[in-house]
Amino acid sequence: MTAELRAARLVAQALDIQGSVVASDDMNSLAAWSSLGHARLVLEVEAALGRRLTGEEVAGITSVAAVARLLG
């Protein structure tokens, strides 16, 4: 599974999105991406990576593509 596909699935799960999520989606294109949704997403990314994110990494999570970069 590619990092982009994994990131899209993780974002959809964290934000409870039933529809399609793609790598080009970001916090402005997904209505469910609220501050609470962002917090849930950070927790999901941390769980997937097995480590805590830095403040810079948390602030940098603004798109599905950014999540994919973190997941490698």
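Is the crossing of H1 and H2 right-handed or left-handed? In this predicted model, the crossing of these two helices, H1 and H2, is right-handed, and the legends below take up H1 with each of its two partners in turn.

**View 1. The crossing of helix H1 with helix H2.** Helix H1 spans residues 3-14 and helix H2 spans residues 35-49, and their axes come within 9 Å of each other while crossing at roughly 135°. Because of that angle, H1 is oblique to H2.

**View 2. The residues that join H1 and H2.** On the side of H1, the residues that meet the other helix are Arg6, Leu10, Val11, Gln13 and Ala14, and their counterparts in H2 are Arg40, Leu41, Glu44, Val45 and Ala48. Sorted by class, this contact of H1 with H2 comprises 6 nonpolar, 1 polar and 3 charged residues.

**View 3. The crossing of helix H1 with helix H4.** Helix H4 covers residues 64-71, and the axes of H1 and H4 come within 8 Å, with a crossing at roughly 120°. That angle is why H1 counts as oblique to H4. The crossing in which H1 passes H4 is right-handed.

**View 4. The residues that join H1 and H4.** From H1, the contact draws on Ala3, Glu4, Arg6, Ala7, Ala8 and Val11, while H4 contributes Val64, Val67, Ala68 and Leu71. By class, the residues in the contact of H1 with H4 are 8 nonpolar and 2 charged, with no polar residue. Arg6 and Val11 of H1 are listed in this contact and also among the H1 residues that meet H2.

Terms used. Residues numbered from 1 in each chain as written. Predicted model: local features only at pLDDT ≥ 70, side-chain atom pairs only at ≥ 80, totals over all residues. Heavy atoms only, no water. Axes fitted to C-alpha atoms, helices over the stretch in contact; angles between N-to-C directions. Helix = DSSP H or I, 4+ residues; strand = E, 2+ residues; numbered from the N terminus. Parallel < 35°, antiparallel > 145°, perpendicular 65-115°, else oblique. Left-handed = near helix turned anticlockwise from the far one by under 90°. Contact = heavy atoms within 4.5 Å. Nonpolar A, V, L, I, M, F, W, Y, C, P; charged D, E, K, R; others polar.
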